[in-house]
Amino acid sequence: MKKQIIAILVGFIATFIANTLLAITIIGPLLNAKIGISRNPEKDGLNMPSMFSGYLLLTIFLVWLVPQLKDKTSLQKGLLAGSMTGLVVNIGGHLITSGWSIANAMPMLFAGIIDSFATIIGAIVIAFILKEKNEK
């Protein structure tokens, strides 16, 4: 149980930091204006409780999913769990949001792809924390 709590805490921090860096360097400058529904963090602020809650749920799911992947190295588990989750949560969620909002679909698709990299990084961190002694 202690390993899982550490994996949640460190995985959450890794995912959040990675996504923040991606948002500042790629998504914000290249996509936010094209998406058309993004907040201006300097003017409007961010809804931090919502973001923290979402990343926490994502991290808890990854901490459950990673050990389910058997006969793989930690890196393989992290890449697979992060990619699967990133595709479903980030890309799927962004495209669904684009469907019911005024957000432009192509920039939302690209933002979802880029957001998936943070999920992959978090999953890799989680996989190494949860690594079993007899694992490849």
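Me: How many helices and how many strands does the chain have?

Reply: This is a predicted model. The chain has five helices and zero strands. Along the sequence the pattern reads α-α-α-α-α.

Me: What share of the chain counts as buried?

Reply: Of the 136 residues, 36% count as buried. The chain exposes about 8100 Å², and 71% of that comes from carbon and sulfur atoms.

Me: Among contacts between residues at least 6 apart in sequence, what share joins residues at least 24 apart?

Reply: That share is 78%. Two C-alpha pairs show such separations. Phe 110 and Ile 27 are 83 residues apart in sequence and 8.5 Å apart in space. Gly 11 and Ile 124 are 113 residues apart along the chain, with their C-alpha atoms separated by 8.5 Å.

Me: Where does Ile 124 lie, and which residues does it contact beyond its sequence neighbours?

Reply: Ile 124 lies in helix 5. Leaving aside neighbours within four places in sequence, Ile 124 is in contact with Leu 75, Gly 78 and Leu 79.

Me: Now the nonpolar cores. Which residues of the largest one touch the most other members?

Reply: A nonpolar core is a set of buried nonpolar residues joined through side-chain atoms within 4.5 Å. The largest here has 15 residues, and Leu 62, Ala 81 and Ile 126 touch the most other members. Helix 1 (2–35), helix 3 (48–65) and helix 5 (105–129) are the elements that give two or more residues to this core. Helix 3 gives the most, with five residues.

Me: What does Ala 81 touch?

Reply: Not counting residues up to four places away in sequence, Ala 81 touches Leu 62, Leu 65, Val 66, Leu 69 and Ala 123.

Me: How is the span of a helix read, taking helix 5 as the case?

Reply: The expected span is 1.5 Å times one less than the number of residues. Helix 5 has 25 residues and reaches 36 Å from its first C-alpha to its last, close to the expected 36 Å. At the start of this helix, a side-chain oxygen of Asn 104 comes within 3.3 Å of the backbone nitrogen of Met 106.

Me: Is Asn 90 buried or exposed, and which side chain does it join by a polar contact?

Reply: Asn 90 is in helix 4 (residues 74–100). With a relative accessible area of 10%, Asn 90 is buried. A polar contact of 2.9 Å joins its side chain to that of Thr 119. Leaving aside neighbours within four places in sequence, Asn 90 is in contact with Thr 85, Gly 112, Asp 115, Ser 116 and Thr 119.

Me: Thr 85 is on that list. Which residues are in contact with Thr 85?

Reply: Thr 85 is also placed in helix 4, and at 3% relative accessible area it is buried. With neighbours within four places set aside, Thr 85 is in contact with Leu 58, Phe 61, Leu 62, Leu 65, Asn 90 and Thr 119.

Me: How many aromatic pairs are there?

Reply: Rings pair if their centres lie within 6.5 Å, and planes under 30 degrees apart count as stacked. The count comes to five aromatic pairs. Phe 12 and Phe 16 are stacked because their ring centres are 6.0 Å apart and their planes lie at 15°.

Me: Where do Phe 12 and Phe 16 sit along the helix?

Reply: An α-helix has 3.6 residues a turn, so residues three or four places apart point the same way. Phe 12 and Phe 16 both lie in helix 1, four residues apart, about one turn of the helix. Both are buried. Ring pairs link Phe 12, Phe 16, Phe 52 and Tyr 55 into a cluster.

Me: Which loop holds Asp 71?

Reply: Asp 71 is in the loop between helix 3 and helix 4. Although not a glycine, Asp 71 has a positive phi of about 55°. Asp 71 counts as exposed because its relative accessibility is 66%.

Methods: Residues are numbered from 1 along each chain as its sequence is written. This is a predicted model: local features need pLDDT of at least 70, side-chain atom pairs count only at pLDDT 80 or more; totals for chains, interfaces and linings use all residues. Side-chain values use heavy atoms; hydrogens and water are left out. Buried means under 20% relative accessible area, exposed over 50%, partly exposed in between (1.4 Å probe, protein chains only). Contact means heavy atoms within 4.5 Å. A polar contact is a pair of N or O atoms within 3.5 Å; within protein, one must be able to donate a hydrogen and the other to accept it, and residues adjacent in sequence count only if both atoms are side-chain atoms. Accessible areas come from the Shrake-Rupley method with a 1.4 Å probe; for residues, only the protein chains shown count as cover. Rings of Phe, Tyr and Trp (its six-membered ring) pair if their centres lie within 6.5 Å; planes under 30 degrees apart count as stacked, over 60 as edge-to-face and the rest as tilted.
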